[in-house]
Number of protein chains: 6
Amino acid sequence: MRATVKRKAHFNAAHRLFKKDWDAQKNLEVFGKCSYPNYHGHNYELIVGVTGEIDKETGFVIDLKILKDLIESEVEDAFDHKNLNLDVPEFKTLNPTAENIAVVIYDKLKKKLDTTFDLEVILYETPRNYVIYTGA
Amino acid sequence: MRATVKRKAHFNAAHRLFKKDWDAQKNLEVFGKCSYPNYHGHNYELIVGVTGEIDKETGFVIDLKILKDLIESEVEDAFDHKNLNLDVPEFKTLNPTAENIAVVIYDKLKKKLDTTFDLEVILYETPRNYVIYTGA
Amino acid sequence: MRATVKRKAHFNAAHRLFKKDWDAQKNLEVFGKCSYPNYHGHNYELIVGVTGEIDKETGFVIDLKILKDLIESEVEDAFDHKNLNLDVPEFKTLNPTAENIAVVIYDKLKKKLDTTFDLEVILYETPRNYVIYTGA
Amino acid sequence: MRATVKRKAHFNAAHRLFKKDWDAQKNLEVFGKCSYPNYHGHNYELIVGVTGEIDKETGFVIDLKILKDLIESEVEDAFDHKNLNLDVPEFKTLNPTAENIAVVIYDKLKKKLDTTFDLEVILYETPRNYVIYTGA
Amino acid sequence: MRATVKRKAHFNAAHRLFKKDWDAQKNLEVFGKCSYPNYHGHNYELIVGVTGEIDKETGFVIDLKILKDLIESEVEDAFDHKNLNLDVPEFKTLNPTAENIAVVIYDKLKKKLDTTFDLEVILYETPRNYVIYTGA
Amino acid sequence: MRATVKRKAHFNAAHRLFKKDWDAQKNLEVFGKCSYPNYHGHNYELIVGVTGEIDKETGFVIDLKILKDLIESEVEDAFDHKNLNLDVPEFKTLNPTAENIAVVIYDKLKKKLDTTFDLEVILYETPRNYVIYTGA
């Protein structure tokens with residue numbers, strides 16, 4: 001019996017959308033207000049889903065305390081109260097769109113999880129916009 | 001790398017569930033309070049999901065501003081503050097159940113989107129009842 | 001010791017904003033899309049607050065089951081799946097704005113409650129617009 | 001045309017995570033605070049999804065009133081205001097983790113639904129932790 | 001300039017409504033399902049409001065980290081994953097209704113806060129039922 | 001008859017908590033992660049409440065369209081996708097705590113509203129922390 005467990009977390013960060021090899025004008029045309037030079041920010045709400053067999057001994061797919069600690073060490077410690085463009089190595093050369101942030105979170109968590117698990121990352125940039133990435 | 005981006009929108013509309021080739025009694029039996037003759041209404045909350053490749057240049061699956069404008073012109077302008085049964089051509093002959101409204105929204109948006117995208121429509125009729133349609 | 005207990009409920013209804021002694025043009029100018037002739041509708045979310053002494057015997061301000069039943073008989077049975085303009089006597093001559101609906105609900109509930117209670121009605125017309133009325 | 005309709009419900013229950021063939025110390029190590037002997041509890045929020053063809057006559061996948069009543073008789077009557085470990089037969093020998101509760105709910109509902117329907121059970125143990133089970 | 005800052009927290013607990021000097025029959029009549037002998041439980045969502053002057057130096061009414069830690073030590077450590085009737089001294093002789101729990105939380109926090117602050121406790125027993133207590 | 005109408009809005013902004021006449025060390029001690037030099041950010045959710053007489057002609061306390069436009073011109077245009085410390089004149093010398101942001105919003109809106117109205121500003125910095133300011 002395979003089930004999915006999901007755990008919510010959150011981090012607050014500044015960012016701007018900006019491509020270094022484009023000039024300011026082109027960045028503004030493509031990314032609009034999101035490219036403003038002094039940054040803006042979001043309360044990112046994160047939902048991490050892990051799919052696997054329900055363990056017959058424990059009744060758990062994965063101990064949610066382990067998942068919570070993993071999200072804390074891999075995501076919250078790295079991103080919370082940071083400027084994604086300036087402070088987070090992954091976004092030195094990668095535009096911190098919600099899509100790309102979700103991929104980075106997926107890759108960081110995937111490495112730490114048993115390979116039998118499927119992983120899904122849902123990232124709310126605002127309550128109205130969100131992204132889902134499953135490594136597909 | 002394929003991801004899904006989702007955008008929330010909303011519209012307020014009146015409707016009733018009613019089949020013209022059934023008499024009032026049969027409509028009441030099948031549709032209950034939803035068939036009352038003078039209409040009732042809902043705050044429809046809509047989530048549109050678009051799945052596609054993350055563009056390497058922009059880091060976007062699709063520019064959410066484009067998606068937002070598309071939802072506005074195709075759905076909000078057509079349905080908001082309207083009576084679905086009386087004012088919306090698609091429901092002249094189609095019962096405006098949440099399922100059918102979702103299909104109509106899907107069909108309207110699908111035509112306007114690049115064919116490489118997968119589309120998903122989630123429609124909340126109330127905070128307790130909702131429908132998902134993916135064209136399957 | 002005085003506390004406030006609050007209970008949520010909801011009803012779905014159609015309405016339009018419309019003043020009979022104004023012509024269609026003036027109604028449209030003042031009420032905009034809300035005056036469209038064929039009605040639109042809302043999922044009204046209602047929160048009823050009752051303030052009173054905490055009863056030493058029961059630990060209750062008021063038995064919430066009693067409050068729930070009162071909301072059901074006075075509000076839900078009267079308004080749910082109805083057209084407020086056409087089906088609800090109070091709005092034959094009163095424009096069903098959120099403000100006026102809140103006052104009507106307040107007056108209906110106030111009559112049925114012990115006079116020692118203070119009453120507050122919170123009415124969400126949409127998740128973004130709401131009204132509070134306390135009889136003040 | 002196949003769509004999914006979802007209906008929300010809820011029940012309040014006490015439980016503890018506990019394996020009878022482990023001693024108290026091992027239960028505490030594995031299940032932490034969730035194994036405390038005098039039970040704790042949750043507002044379980046349940047979302048039941050049913051996937052099937054949209055009926056051409058009614059425009060329904062399934063009449064949500066039927067689904068609501070089914071959830072009430074199979075889940076709410078059995079679990080609401082109960083102690084899952086002590087009062088619910090299924091958990092006499094099964095640890096009432098969110099995963100296992102979701103499986104039990106799935107199995108109870110699946111038996112009562114037409115076999116042409118696909119079923120999905122989403123169970124929120126808290127607003128931050130939830131489980132999805134689809135019988136896969 | 002006086003403002004109110006609010007902080008959300010939560011705890012999961014079991015309880016039953018029960019008055020020792022009433023027999024089981026009377027308890028069932030007054031408290032209904034809430035008096036079932038084996039307990040049920042809730043995800044209590046707590047909002048603590050503190051009203052005071054905005055400090056000119058810091059721009060804070062109160063450092064929310066201090067408030068968060070206070071809620072943790074006074075409320076979460078004492079109530080979370082507990083059986084309120086059996087494990088929490090305050091409810092040995094006091095019926096753990098939402099009203100009474102709010103009063104107990106208020107009294108615990110009030111003692112630890114500077115007397116210049118006004119305090120408000122909002123306690124959600126379920127997403128549909130909640131209580132407000134301000135010491136009035 | 002006096003009622004309160006409330007309207008929700010939102011803006012995304014970067015900020016840091018920082019007092020210029022304190023050194024970096026003292027800022028870090030008092031403001032913690034909120035003082036990190038490269039800024040972080042939030043989805044600020046704003047609720048503006050206006051209390052006044054219900055107009056007998058219209059049934060409105062205030063036309064919510066007017067309130068919506070006022071919030072847009074005074075708050076959203078000024079703060080959305082901005083860095084509060086660098087881009088917003090009011091915070092050149094004022095620490096952009098949630099309390100101070102609420103006061104600034106209150107002062108900007110108060111000037112534009114008829115003096116017969118009472119005004120309340122509720123500002124969510126995160127879904128867990130918020131501030132209420134009423135000019136008291």
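Chain A has 4 helices and 5 strands. Helices (H or I, at least four residues) and strands (E, at least two) are DSSP runs, numbered from the N terminus. The model is predicted: local features need pLDDT of at least 70, side-chain atom pairs count only at pLDDT 80 or more, and totals for chains, interfaces and linings use all residues. Residues are numbered from 1 along each chain as its sequence is written, chains are lettered from A and ligands numbered from 1 in the order in which they are written, and side-chain values use heavy atoms, with hydrogens and water left out.

**Confidence**

- The model scores ipTM 0.95 and pTM 0.97.
- Chain A has a mean pLDDT of 97. This score is the predictor's confidence in each residue, from 0 to 100.
- In chain A, 100% of the residues reach 70 or more.
- Where pLDDT is low, predicted coordinates should not be read in detail.

**Fold of chain A**

- The order of elements along the sequence of chain A is β-α-β-α-β-α-α-β-β.
- The C-alpha trace of chain A spans about 60 × 25 × 25 Å along its principal axes.

**Aromatic pairs**

- Over all chains, the structure holds 42 aromatic pairs. Rings of Phe, Tyr and Trp (its six-membered ring) pair if their centres lie within 6.5 Å; planes under 30 degrees apart count as stacked, over 60 as edge-to-face and the rest as tilted.
- A:F11 and A:Y44 are stacked, because their ring centres are 5.0 Å apart and their planes stand at 20°.
- A:F11 sits in strand 1 of chain A and A:Y44 in strand 2 of chain A, so the pair ties together parts 33 residues apart in sequence.

**Interface of chain A and chain F**

- Chain A gives 24 residues to the contact, and chain F gives 24 residues. Contact means heavy atoms within 4.5 Å.
- About 2,000 Å² is buried between chain A and chain F, with 49% of it from carbon and sulfur atoms. Buried area is the accessible area (1.4 Å probe) that two parts lose on being put together, summed over both.
- Which residues of chain A lose the most area to chain F? They are A:N38, A:N43 and A:H81, together 31% of what that side buries.
- The rule finds 4 salt bridges across the interface of chain A and chain F. A salt bridge is a side-chain nitrogen of Lys or Arg within 4 Å of a carboxyl oxygen of Asp or Glu.
- A:R128 forms a salt bridge with F:E45, with the closest N and O atoms 3.1 Å apart.
- The interface of chain A and chain F also has 19 residue pairs in polar contact, both residues at pLDDT 80 or more. A polar contact is a pair of N or O atoms within 3.5 Å; within protein, one must be able to donate a hydrogen and the other to accept it, and residues adjacent in sequence count only if both atoms are side-chain atoms.
- Elements that give two or more residues to the side of chain A that touches chain F are strand 1 (2-15), strand 2 (40-53), strand 3 (82-83), helix 3 (84-87) and strand 4 (118-126) of chain A.
- Strand 2 of chain A supplies the largest share of that side, 5 residues.
- By class, the side of chain A that touches chain F has 7 nonpolar, 10 polar and 7 charged residues. Ala, Val, Leu, Ile, Met, Phe, Trp, Tyr, Cys and Pro count as nonpolar, Asp, Glu, Lys and Arg as charged, and the others, Gly among them, as polar.

**Interface of chain E and chain D**

- The contact takes 24 residues from chain E and 24 residues from chain D.
- Chain E and chain D bury about 2,000 Å² between them, and 49% of it is on carbon and sulfur atoms.
- E:N38, E:N43 and E:H81 supply 31% of the area that chain E buries against chain D, more than any other three residues.
- Across this interface of chain E and chain D there are 4 salt bridges by the rule.
- One salt bridge joins the side chains of D:E45 and E:R128 (3.1 Å, N to O).
- The rule finds 19 residue pairs in polar contact across the interface of chain E and chain D, both at pLDDT 80 or more.

**Other chains**

- B:E45 and C:R128 meet through their side chains in a salt bridge (3.1 Å, N to O).
- That pair crosses between chains, from strand 2 (residues 40-53) of chain B to the loop between strand 4 (118-126) and strand 5 (129-133) of chain C.
- Chain C and chain D do not touch, and their nearest C-alpha atoms are 14 Å apart.
- Chain B and chain E do not touch, and their nearest C-alpha atoms are 13 Å apart.
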